[in-house]
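Hello,

Here is the structure we talked about. Please look through it first, then read the notes below.

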Amino acid sequence: MMELLPQALTDGILLGGIYITIAIAFSLTYGVMHVIDFAVGEWIMFGAFTGYYLNKWTGLDPFLFLPVIFVLYFGVGYVIQPVIHRVLSGTKGNPFLMGLVFTFGLAIMFRGLALTVFGFYSNSIPSAFSEGSFDLEPLGLAVTIPTVRLVGLAYALAITLILHYLLKKTNFGLGVRALAQHKDAAGLMGVNSKRTGSYVYGIYVGISAMTGVLLGCILSIGAQMGNEYTIFAFFVVVLAGMGYLAGVPWAALLLGLVQSIFMIYFNPSHTLLAVFAILYIILLISPRGLFGKGV
Amino acid sequence: MKFGFVRVLLLIAALFVAIPVHAEQRNFFKIGVITELSGDLVTGGNITKRGYDLWAQEVNAKGGIEIQGKKYPVKLVYADAQSNPAAGAAAAERLITQEKVDFILGPYSSGVTLAVAPVVDKYKIPMITGSAESPLIWKNKFKYTFGTIPPINFTGATSIKTLTEMKPAPKTIAIIGSNDAFSKATAEAYKTAAEKAKLKIVKFSIVPSGQDMTPLLSAVRSMKPDVIAFGGHDEEHVKFVKALKQIGYTPKALLMHCGITDKAFIDAVGKDGEQIFGTTCWTGTAKTKSKVLWPNAAAYAAASQKAFNNPGDYTQGGCSAAGIAFQTALQKIGAKPGMDEATRTKLITALEQIDVQTFYGRVKFATSGEFYHANVGLDPLTVQIQGGHVKTVGPKASVEAPAIYPMKEWKSR
């Protein structure tokens, strides 16, 4: 059984790559806007269907559409953000709770809309990358790396690095970080909270939609797919520490590895149980996430 | 304040007391349909809906169900089970106590059916599911629940037997099932059949529903099984095929039960669907003859194509056949709309006695044993996707085309 370990680790890392793409932008939007967007899975689903139809109409590889989909959904996010901001900036009641309810409702409506528009069948997005895999057997390692999943991991790392650069090295990022720390103080320093919030939400929706295309190539797509990804996004972000972006890749990789190793070496039917047990143990030890740096 | 509290308690208590179902006078049959119109099993739920709708549409086009010379149209009242057994049970209560339906056409999934069956037993309302296949439903011996699709332990063995007749015969098998009532039962049925056929089971795993199974399949690949058999639902089938292709393992035969007979599966996976085996008990080309509604399977497939741009699969057909079973039983006892409890009890007896040839094949419900109230009138078939079409490849008496075996490698397709 030990000869399976390299493959188990590889599969786990590749799975982790998928979880990074699902959770990274979700974490960003929580860090800045303090909104847990329960519609994250639905943005992923909309992106997946957009990629599916663009591929169907043009016959081109879905990966070529990623920039188009980002721009399109950035626009959607930019326009919607003020609506969510309005709910969150109320002075009466509990704005945080209202935000949860609002996005939860959005998710249900989006799912219903998708069922009506896209139908109820499961689909798949074909891509040139879906065809092959890298076999490391000639190098003495019994490991196969599916090309499409490797592309997924590369995409996850690229998005992480770009976001890191944007947040740490640009003026926009400085504003975003200031806003995340203290909204009023950032405002006094000249950060336009409304516009920055719209940009951040736009980036989040855009990245989530691109992730949908990727997932459609690796797995399957359907109007109900969002729910599952929302749970994983939430899980990774909680494990990473709410709003702590740098923790996301590590939490995602941990989740992928636990899942992979458990599926191969233990009873696969208890995989999710193991994953959640680990989450609870880590939260008991460190309530602010894996690195103790969550909000 | 205290009085208000008591009133609330009384109200809650009143809600828990079984509300007697009164008969209602009307000139049409009011039929409740509980199925999964949202949630994870929305695809199957909508396929069952299509089956029930097509039956109702055909009956109403003929003026309704003829009872003692008078025709009574049918009206379907839908309730969404949300792919959730508890929601299904609540939906059943609502249809029975508020909508006062005459009888019920049942859910897509076995899990929801298992939750609804005790409710229909409690209110003594007959229900036929046109889809659910878990053996558990029939082992529980619910008096008011019937099913037109035979349970998976009745059908599953046929496919394993067909595979063992291939040359060179497969020797090893890996069996994986998703963790829901139907899929788990499918995997277990394949396991029992494989043990009987002396196939060596190299892996048997039940995985949580909807999971990415790539790591598990990597482990399976290292065991190089000749056959991989999977029990799951539509979305999981697509993921399963893609994961196998991504890790580059082509077994000699890939067997999947539910859903591969639907055109949508073939559309979703394209050429990767070729040569996949499945278990079913009906195809659009089955040689059936009937005097009720559609004369044969081809006529039904054509009607479905016209209505939904899809020829329909065995689940959809099973649902339309459920309608025909009720129709036949109602005619037999001359039951009119707005049935009282005594008539509904008679309807159960009539259902137990019917033996009718339909476009779907023979419908005859078992009245005892482990298949109690399941349809045992059908012959299970092994099918294979060939050239984008579902072809029957076993058992020998029903063969439409010889099976292609072993499967062509993913990379050379």
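**Aromatic pairs**

Counting over all chains of this predicted model, there are 38 aromatic pairs. One of them is formed by Trp294(B) and Phe359(B): their ring centres are 5.3 Å apart and their planes meet at 75°, which is over 60 degrees, so the pair counts as edge-to-face. This pair links distant parts of the chain, as its two residues are 65 residues apart. Trp294(B) belongs to the loop between β12 (277-280) and α11 (297-308) of chain B, while Phe359(B) belongs to the loop between β13 (355-358) and β14 (361-364) of chain B. Both Trp294(B) and Phe359(B) are buried.

**Charges over rings**

In chain B, the charged end of Lys49(B) sits over the ring of Tyr78(B), at 4.8 Å from the ring centre. The charged end of Lys191(B) sits over the ring of Phe204(B), where the distance to the centre is 5.1 Å.

**A residue in a helix of chain B**

Ala89(B) is part of helix α3 (residues 85-97) of chain B. Is Ala89(B) buried or exposed? Its relative accessible area is 17%, which is under the 20% cut-off, so Ala89(B) is buried. Leaving aside residues up to four places away in sequence, Ala89(B) touches Ala115(B), Val116(B) and Val119(B). For Val116(B), the separation from Ala89(B) is 27 residues in sequence, but 4.7 Å in space from C-alpha to C-alpha.

**Helix α8 of chain A**

Helix α8 (residues 193-218) of chain A has 26 residues. From its first C-alpha to its last it reaches 37 Å, close to the 38 Å expected at 1.5 Å a residue. How many of the residues of α8(A) are buried? The count is 22 of 26, so α8(A) is mostly covered. At the start of α8(A), a side-chain oxygen of Asn192(A) comes to within 3.2 Å of the backbone nitrogen of Lys194(A).

**Confidence in chain A**

Chain A has a mean pLDDT of 90, and 99% of its residues reach 70 or more. Within chain A, confidence is highest in helix α2 (residues 40-58), with a mean of 96. It is lowest in helix α7 (residues 183-188) of chain A, where the mean is 82.

Regards

Methods:
Residues are numbered from 1 along each chain as its sequence is written. Chains are lettered from A and ligands numbered from 1 in the order in which they are written. This is a predicted model: local features need pLDDT of at least 70, side-chain atom pairs count only at pLDDT 80 or more; totals for chains, interfaces and linings use all residues. Side-chain values use heavy atoms; hydrogens and water are left out. Helices (H or I, at least four residues) and strands (E, at least two) are DSSP runs, numbered from the N terminus. Buried means under 20% relative accessible area, exposed over 50%, partly exposed in between (1.4 Å probe, protein chains only). Contact means heavy atoms within 4.5 Å. pLDDT is the predictor's confidence in each residue, from 0 to 100. The expected span of a helix is 1.5 Å times one less than its number of residues. A polar contact is a pair of N or O atoms within 3.5 Å; within protein, one must be able to donate a hydrogen and the other to accept it, and residues adjacent in sequence count only if both atoms are side-chain atoms. Rings of Phe, Tyr and Trp (its six-membered ring) pair if their centres lie within 6.5 Å; planes under 30 degrees apart count as stacked, over 60 as edge-to-face and the rest as tilted. A charge sits over a ring if NZ of Lys or CZ of Arg is within 6 Å of the ring centre and within 35 degrees of the ring normal.
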